[in-house]
Amino acid sequence: MKKIPYILFLLLTFTGFSQNTEDIVPEKYTAHNKGKFYIFWGGNRDNYSKSDIHFTGADYDFTLYDVGAEDKPKGWHIDYINPGRMTIPQTNFRLGYFITDKYNISIGVDHMKYVMFQDKAVNYTGYYPNQGSYGESLPNNQVLLTEDFLTYEHTDGLNYVNTEFSRVDDISKFIKLPNTDKFQVNFTEGVGVGLLYPKTNAKLLGKERHDDFHISGFGLSAKAGLNFTFFKYFFIQTELKGGYISMNDIKTTFDNADKASQHFWFLERTVTVGGIFRI
């Protein structure tokens, strides 16, 4: 009877039920995303379509047509990591959670900047007081956007506070990366919706300059990008994001009767750094 355990051991060995522990390959950390959090921080560059801007107040109501604007880049700068000056550059912050291996939800702020082109001739309709006294009057129903007539920018900033629903796909196998726990490449795409909370810096018709935060409208967006993950926990992510912004309640002066509205498309390019982890 004492020989039975030894015989069973031999049978198991030769029938393949015995396994060398050295042959067991542990599952990679990057094989699954469900339950992971991620956070990132970075910068952006932006382009905007032309837009019609409608200004209203107690004694004026006029529209400027096809007004152009640009962003206000700071370039590579220490302010991106200086806690006291982080809102001066154009920045991006996002915190997300993977609800499955491929899908995640997140909240974030796209801190863009929008500066109207100055000293450009644009068409207009409507009326306003003291017409011609700001150096703005031109023939053929046009005005020149002089500083005395209008300065207009969302520079602290054009804040798109949004939530996104995104998908992530590991494409490492297509470029034959040997170990995704050391280096992994992912493709990401998603859609977003949120509020516009700009700090609009405006000076209109010689009134006192106004510069204050105000919930002004909403935005919709879609994005695609690449994520490069290093040593399981750290990544660089680049994204191309496009969307539509509608702002119907922009504060332009300290008078509650004064406001502006505009609608435009934007294209945003971002580069961010971040981490992904389980709690």
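Phe93 belongs to strand S5, which spans residues 91–98; strands (E, at least two residues) are DSSP runs, numbered from the N terminus. The model is a predicted one, in which local features need pLDDT of at least 70, side-chain atom pairs count only at pLDDT 80 or more, and totals for chains, interfaces and linings use all residues. Residues are numbered from 1 along each chain as its sequence is written, and side-chain values use heavy atoms, with hydrogens and water left out.

Phe93 counts as partly exposed because its relative accessibility is 32%; buried means under 20% relative accessible area, exposed over 50%, and partly exposed in between (1.4 Å probe, protein chains only). Although 51 residues separate Phe93 from Gly42 in sequence, their C-alpha atoms are 6.9 Å apart in space. Not counting residues up to four places away in sequence, Phe93 touches Ile39, Phe40, Trp41, Ile107, Gly108 and Val109, where contact means heavy atoms within 4.5 Å.

Thr56 is part of strand S2. With a relative accessible area of 18%, Thr56 is buried. Its contacts, leaving aside neighbours within four places in sequence, are Asp61, Ala257, Asp258 and Lys259.

**Aromatic rings**

The whole structure holds 24 aromatic pairs. Rings of Phe, Tyr and Trp (its six-membered ring) pair if their centres lie within 6.5 Å; planes under 30 degrees apart count as stacked, over 60 as edge-to-face and the rest as tilted. Tyr60 and Phe62 form a tilted pair, because their ring centres are 6.0 Å apart and their planes lie at 50 degrees. Tyr60 is buried at 0% relative accessibility, and Phe62 is buried at 1%. Both belong to a cluster linked by ring pairs, whose members include Tyr48, Phe55, Tyr114 and Phe264.

Two lysines lie over rings; the criterion is NZ of Lys or CZ of Arg within 6 Å of the ring centre and within 35 degrees of the ring normal.

| Lysine | Ring | Distance to ring centre |
|---|---|---|
| Lys36 | Tyr29 | 3.9 Å |
| Lys120 | Phe117 | 6.0 Å |

**Nonpolar cores**

A nonpolar core is a set of buried Ala, Val, Leu, Ile, Met, Phe, Trp, Tyr and Cys residues joined through side-chain atoms within 4.5 Å. The largest has 32 residues, and those touching the most other members are Phe55, Phe62, Leu64, Tyr128, Phe149, Tyr152 and Leu158. Elements giving two or more residues to this core include strand S2 (51–57), strand S3 (60–67) and strand S10 (150–170). Apart from this core lies another, of six residues, among them Phe98, Val168, Phe235 and Ile276.

How values were computed. Helices (H or I, at least four residues) and strands (E, at least two) are DSSP runs, numbered from the N terminus.
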